[in-house]
Amino acid sequence: MPDFNKTLRNYRKMQNMTQAELGKRVGVSSQVISNWERGYTTGISAEMITKLAEALNIGSAFLLGASKDFDGKGDYSDYFYDNDFQDRVKNIMEENNISYEKLLKKTGIPEEKLNSYLYSRKQPSIEDLIKMSGVLNVTIDYLLDNSQRKRLTENEELLLSSFSKCNSECQAYLIAKAGVLSVEGISAVAAVERCLDNEGKSLPSSGTEGDTKVG
């Protein structure tokens with residue numbers, strides 16, 4: 001039963017239930033629930049799976065990891081396919097000594113929504129990802145496991161800030177020249193500043209004849 005123990009634990013917490021409370025609902029002891037959440041799941045009957053799913057307000061197939069349809073109603077448009085997102089966020093929180101309460105307060109994300117991000121597979125909105133990455137002091141790419149770099153350097157932050165101040169033609173020019181800049185060893189930050197100074201003037205060509213005018 002792939003992910004059964006993690007889904008059981010996460011959705012129990014989402015429902016603000018203790019192991020004893022869940023056990024009482026389905027007719028087993030808290031120790032049995034604890035064992036299931038730790039992966040000791042041999043011999044669970046289909047009837048018990050149904051009881052657990054009903055107590056947690058999710059579908060039986062979803063509890064077993066056999067379906068992405070978490071409520072049995074066929075709608076999983078917000079299902080988040082990053083299986084390790086929750087663990088990644090919690091590890092970053094631990095590394096930075098950030099408590100759940102601090103994350104909740106600093107991000108301003110409603111508690112029910114934050115719980116759905118941390119204890120289920122609801123896909124975070126881009127706005128909430130920005131808030132979470134800011135509080136956790138990591139890039140969104142790192143948060144989503146798209147990069148191993150936790151944060152941008154000071155120069156990279158400066159580059160992005162300066163780049164955003166350019167008009168669209170200036171930005172296109174800088175993108176076209178990026179490879180040349182790295183080969184020539186010219187500071188990208190200095191290039192951006194030069195571009196800003198020259199807005200409204202002629203820019204050097206990106207390898208073709210003639211100048212490009214910035215509007």
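1. Basis of the note. The model is predicted, so local features need pLDDT of at least 70 and side-chain atom pairs count only at pLDDT 80 or more, whereas totals for chains, interfaces and linings use all residues. Residues are numbered from 1 along each chain as its sequence is written, and side-chain values use heavy atoms, with hydrogens and water left out.

2. Overall make-up. The secondary structure of the protein chain comprises 13 helices and 2 strands; helices (H or I, at least four residues) and strands (E, at least two) are DSSP runs, numbered from the N terminus. The chain has 215 residues, of which 34% count as buried. Buried means under 20% relative accessible area, exposed over 50%, and partly exposed in between (1.4 Å probe, protein chains only).

3. Surface and contacts. About 12,700 Å² of the protein chain is accessible surface, and 48% of this belongs to carbon and sulfur atoms. Accessible areas come from the Shrake-Rupley method with a 1.4 Å probe; for residues, only the protein chains shown count as cover. Among contacts (heavy atoms within 4.5 Å) between residues at least 6 apart in sequence, 53% join residues at least 24 apart.

4. Helix α8. This helix spans residues 111-119, and its buried residues are Leu-114, Asn-115, Ser-116, Tyr-117, Leu-118 and Tyr-119. The cover over these buried residues includes α1 (4-14), α6 (85-95), α7 (100-107) and α9 (126-136).

5. Asp-128. Asp-128 belongs to helix α9. Its relative accessibility is 5%, and Asp-128 therefore counts as buried. Leaving aside residues up to four places away in sequence, Asp-128 touches Ile-109, Lys-113 and Tyr-117. With Tyr-117 there is a side-chain to side-chain polar contact at 2.7 Å. A polar contact is a pair of N or O atoms within 3.5 Å; within protein, one must be able to donate a hydrogen and the other to accept it, and residues adjacent in sequence count only if both atoms are side-chain atoms.

6. Asn-57. This residue is not a glycine, yet its phi is positive, near 60 degrees. Asn-57 sits in the loop between α4 (46-56) and α5 (60-63). With a relative accessibility of 59%, Asn-57 counts as exposed.

7. Asn-137. The loop between α9 and α10 (140-143) holds Asn-137, and a relative accessible area of 43% makes Asn-137 partly exposed.
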